[in-house]
Structure formats: C-alpha cells, structure tokens
Amino acid sequence: MNPELYLADLEAKPASLEGLAEALEGLDPFEGLPAGIRRVAFLGMGSSRYAAGVAALRLRAAGVDAVAEYASARLGYPPAEDTLVVAISATGGSRETLDALSRYHDKSPTLVLTNTPGSPVTEGVGTVVEMRAGEERGGVSCRTFQHTLALLLALEARLTGVKADVPGLLRRAADATADLLDRRGTWLADALALLDGPHGVYTIAPAERLSSAEQAALMVREGPRRPADACETGDWAHVDVYLTKTLDYRAILFPGSPYDEQAMDWVRRRGSTVLAVGPAPEGAHAVRYAGDDDPDVALLTETLVAELVSASWWAAG
C-alpha cells in the first residue's frame with residue numbers, strides 16, 4: 001500500500017469512468033443472463049458488500065426480491081434455478097466470497113463482477129463481467145468501488161427492464177469527479193482542518209447511499225489508519241447522537257435524507273463539526289461539485305472527498 005500511488009489512482013478516476021462509459025455504450029454486459037430470475041442474492045465483503053447493499057435496496061424498490069449478504073455468513077438464500085447469485089470481488093480472490101459462491105455452483109445461475117479476469121472467483125460461473133477499473137497500484141479499492149456501483153446500476157436496468165442511460169450517467173459522474181479534483185486547492189485544506197479531531201471521523205448518509213458513508217469511513221481507516229465509522233442518517237438520532245455530547249465530534253455528511261435536519265439540530269446544539277459533501281444544511285460546512293443535485297451522480301462521486309482527505313493524511317504520516 002502506497003499513499004502516492006493511491007492519490008494517482010484517485011486522479012485517474014475521471015478517465016477510468018469515461019472508459020467504462022465507452023465500453024457500455026450500446027453494449028449490455030448482462031445480456032447472457034437467463035430469463036425467469038425472481039430473486040437476487042449479492043455476495044461480497046468490504047467495499048463490494050457496501051455497493052451491493054445499495055443495489056439490493058434499489059432492486060427491492062423496483063419490485064425485485066434482492067438481498068446483499070455477507071459472504072462470510074453461514075446462512076443465506078438456498079440455491080434455486082430462479083435465484084441469481086452475484087458474487088463481487090475486485091481481486092477475484094476473496095476467501096469468504098469464494099467459499100460462499102461454491103455453495104451455488106451448478107445449482108443457481110451465477111454472475112461475477114471482478115477486476116481480475118481469470119481469477120479464482122471466475123471459475124465455474126455462468127457470467128463474468130469485468131469492472132474495467134484498471135490496476136489500483138495504491139493497494140486500496142477506490143476505482144473498483146466506483147465501477148462496481150456503476151455496473152450494478154446497469155444490472156438494475158437489465159433486471160427491471162427500465163431503460164437507463166448508464167453511459168450518460170457515468171460521463172456526468174466523470175465530470176463531477178474531475179470538478180472535485182480540479183478544484184481541490186479551494187476546498188481540501190479546509191476539509192482537512194475541519195475533520196482533524198482527536199476522536200476520529202464519523203460519516204453519515206441516507207439509506208439509499210449508505211455505501212458512501214461506509215466507503216468513506218473505510219478509506220479513513222485503511223489509509224491513514226484513523227478511527228472512523230459510518231451511520232445511516234435517520235438511524236443517527238438513535239445510535240450516534242450520543243457521541244456529540246462527550247466527543248469532539250467531526251463528521252462528513254452526505255446530504256439528501258429527509259432526516260438531515262433532525263441530525264443537524266443536535267449538531268448545532270452541541271457545537272459539533274460537520275462537513276457536507278453537496279448542498280449543506282444550516283450549520284454545516286460544504287464542499288460542492290458539479291451535478292451534486294443528482295442522487296445518482298452523488299452515489300458515484302461523493303466518496304472522493306473522503307478519499308482525498310485520507311490520501312493527504314496518509315501521505316503526511
């Protein structure tokens with residue numbers, strides 16, 4: 001793992017997204033999936049599971065029975081011909097995901113998303129879709145997380161039959177990502193100062209984009225090895241609000257929940273520090289970017305703020 005190479009991986013995000021958009025233009029990577037799928041079971045760990053959780057929620061909202069499982073769980077959906085099992089592993093070698101997937105071979109239709117063609121996770125599966133994120137030389141899943149979300153949006157369109165311009169969305173996300181990178185000189189130093197407290201960083205996001213909070217917290221833990229944890233915005237008032245009373249509480253808020261104001265009311269009363277990535281509620285500092293009023297653009301873009309903060313702290317030691 002290397003902070004300089006990690007930063008280079010982040011700086012390559014816009015071009016990488018453009019490449020994925022071009023690959024998906026007029027091409028459905030999921031066209032080989034069988035008909036008659038009634039339910040979807042996602043398997044993954046870490047960032048893969050974070051992305052899968054959002055994908056499962058969106059599919060359920062569209063009327064598709066879907067769940068995101070810890071690949072390490074011993075219990076889960078039983079194999080069935082109408083259950084599509086989607087295993088996600090950027091490296092293609094996650095032990096837990098390999099073990100979980102083995103229970104479904106020759107019993108359920110299987111699909112793998114991986115950034116490593118020919119890796120162990122691809123053996124014996126029905127459909128393999130490459131993430132096309134390129135090599136992450138920094139050793140941290142950043143572009144693969146972004147590409148996983150993008151491909152799961154394409155899978156959603158396939159399974160629901162709803163037409164969606166995924167390549168167009170990826171290009172808007174590439175523009176938003178480039179905007180944050182190009183203007184980091186105007187916001188990054190302030191973000192670093194705001195979040196640099198003695199008790200770590202807390203990340204907050206609506207359920208529909210909970211992966212952003214989870215991934216952001218992981219980046220703070222994985223690179224600079226600082227304490228960080230994620231919470232869903234509505235749930236925050238039931239589980240994390242207590243921390244604002246006793247800690248120097250500093251948070252990254254990914255706005256868009258109907259419960260943003262509920263959380264911010266406590267934040268204002270207790271003098272806590274919140275950095276909003278996107279439109280800021282009263283009392284929060286803001287980092288804005290092009291397209292931050294589009295929830296799907298936000299889903300694919302907003303973690304970059306935490307990633308750049310993490311890269312800076314990591315490089316500084």
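In the predicted model, helix α3 passes helix α5 in a right-handed crossing. Two packed helices are described by the angle between their axes and by the distance between those axes. Here, helix α3 (residues 47–61) and helix α5 (residues 143–160) pack at an angle of about 25°, and their axes are 10 Å apart. Helix α3 is therefore roughly parallel to α5, because angles under 35 degrees count as roughly parallel.

A parallel pairing is also found among the strands. Strand β6, which covers residues 201–205, pairs in the parallel sense with strand β7, which covers residues 228–232, and the pairing runs over five bridges. Within this pair, V201 stands opposite A228 in β7.

Cysteine residues were examined next. A disulfide is a covalent bond between the sulfur atoms of two cysteines. The model contains zero disulfides when a pair of cysteine sulfur atoms must lie within 2.5 Å to be counted. With a relative accessibility of 0%, C142 counts as buried. C231 has a relative accessible area of 5% and is therefore buried as well, since the term applies to values under 20%.

Strand β8 (residues 250–253) contains R250. The relative accessible area of R250 is 15%, so this residue is buried. The C-alpha atom of R250 is separated by 10.0 Å from that of G271, a residue 21 positions away along the chain.

D106 is not a glycine, yet its phi is positive, at about 65°. This residue is placed in the loop between α4 (95–102) and β4 (110–114). D106 is exposed because its relative accessible area is 81%, and values over 50% are classed in this way. R132 is likewise not a glycine and has a positive phi, of about 60°. The place of R132 is in the loop between β5 (127–130) and α5.

Definitions and conventions:
Residues are numbered from 1 along each chain as its sequence is written. This is a predicted model: local features need pLDDT of at least 70, side-chain atom pairs count only at pLDDT 80 or more; totals for chains, interfaces and linings use all residues. Side-chain values use heavy atoms; hydrogens and water are left out. Two strands pair if DSSP finds at least two bridges between them. Helices (H or I, at least four residues) and strands (E, at least two) are DSSP runs, numbered from the N terminus. Buried means under 20% relative accessible area, exposed over 50%, partly exposed in between (1.4 Å probe, protein chains only). Axes are lines fitted to C-alpha atoms, for helices over the stretch in contact, and angles run from 0 to 180 degrees between N-to-C directions. Angles under 35 degrees count as roughly parallel, over 145 as roughly antiparallel, 65 to 115 as roughly perpendicular and the rest as oblique. A crossing is left-handed if the near helix is turned anticlockwise from the far one by less than a right angle, and right-handed if clockwise.
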